[in-house]
Amino acid sequence: MLTVLIPCKDEIQHIRACIESVRPIADEILVADSGSTDGTLELVHTLGGCRIIEREYVNSADFKNWAIPQAQHAWVLVVDADERMTPELAGEIRRLFDFPPPCDGYAVRRDNFFLGHPIRHCGWNTPRLVRLFRKEGSRYEPRRVHANAIVASGRIGHLTHPLVHHTALDLDRFVAKQQRYATWSALDAYDAGKRASLLRLLTHAPLRFLQLLVLRGGILDGRAGVVVCGLAAWYTFLKDAKLWALRNCRVSANESATAAHMTIHRRPAGSRAAA
């Protein structure tokens, strides 16, 4: 009846807790890995009861759209490795399948944690994500980042209980993730013909910070909320800066490669080659 799909790469910190949380409702646990090197897959093998598929990662939507058709069951629930199924949500999903579900997809909200701190505001508490859907007729939209699952019939319900999302256990890894996502987001914006104007570069990030901190209540989450809002504003500026660079970089690809080569191989002044 239900396949739980867990996309992952280098998630040894999370994968055990994620898998154990979904066991009560999963008829199949499908772990889709994109090149883990930290022992994640070895741990999954040790835990047992999972089927593993592997492929190179292009982007999130592309990867999930490759994995979804490989599910053995008619319904798929996508749970990221840094998310946890709660007993309440598991019970709600079990009851949903006591009878034929009236909708073809279901959206769920998330309770978010940042470095162990609950984040109830900062704009993180608003979007519901379609995570439970019929395999047939459901795919992720073709975007590099922040793609949503699209249910062809449009019949989407809402689940009451949330997933628990441990969005960051390590600040450096979180910032590195923002770097990757900003690049993909800028490429999506570039493909859509968008531009980073001077006014946007000057105002977008500061206004985003104030919006999240004040209008979205980030200040109510204390110092953790201030950090989250600040990082979101930095991410906003980074996306705009990368979009500007895509359209305005005056260094050709060949010049860029030559400059990098010279930087790597140039010896400091006064240095001598080894004998």
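**Close-up views of a predicted model**

**View 1. Cysteines without a disulfide.** In this predicted model, the number of disulfides comes to zero, a disulfide being a covalent bond between the sulfur atoms of two cysteines. Cysteine 8 takes part in no disulfide, and the nearest cysteine sulfur, which belongs to cysteine 18, lies 8.7 Å away, whereas a disulfide would require the two sulfur atoms to be within 2.5 Å. Cysteine 8 has a relative accessibility of 5% and therefore counts as buried, while cysteine 249, with a relative accessibility of 52%, counts as exposed.

View 2. Seven strands make up an open sheet with mixed pairing, and their order is E3-E2-E1-E4-E9-E6-E12. Strand E3 (51-54) and strand E12 (156-158) stand at the edges, and because each has a single partner strand, one side of each is left without a neighbour in the sheet. On average, and with direction ignored, neighbouring strands of this sheet are turned by 25 degrees against each other.

View 3. Strand E9 (residues 129-134) and E6 run antiparallel and are joined by four bridges; tyrosine 106 is found opposite leucine 132 of E9. Helix H1 packs on the sheet, where it touches E1 and E2, and its direction makes about 170 degrees with that of E1. Helix H2 lies across E1, E2 and E3 and runs at about 160 degrees to E3.

**View 4. The largest nonpolar core and a second, separate one.** The largest nonpolar core holds 31 residues, of which Ile6, Leu77, Met85, Ile93 and Leu132 touch the most other members. Two or more residues of this core come from each of strand E1 (2-8), helix H1 (15-22), strand E2 (28-33), helix H2 (40-47), strand E4 (75-78), helix H4 (87-96) and strand E6 (105-108).

**View 5. Isoleucine 219 in a loop between two helices.** Isoleucine 219 is placed in the loop that lies between helix H6 (198-215) and helix H7 (222-248). Apart from neighbours within four places in sequence, isoleucine 219 is in contact with Leu213 and Val226. Isoleucine 219 and cysteine 229 are 10 residues apart along the chain, and their C-alpha atoms are separated by 8.8 Å.

Note on methods. Residues are numbered from 1 along each chain as its sequence is written. This is a predicted model: local features need pLDDT of at least 70, side-chain atom pairs count only at pLDDT 80 or more; totals for chains, interfaces and linings use all residues. Side-chain values use heavy atoms; hydrogens and water are left out. A nonpolar core is a set of buried Ala, Val, Leu, Ile, Met, Phe, Trp, Tyr and Cys residues joined through side-chain atoms within 4.5 Å. Buried means under 20% relative accessible area, exposed over 50%, partly exposed in between (1.4 Å probe, protein chains only). Contact means heavy atoms within 4.5 Å. Two strands pair if DSSP finds at least two bridges between them. Axes are lines fitted to C-alpha atoms, for helices over the stretch in contact, and angles run from 0 to 180 degrees between N-to-C directions.
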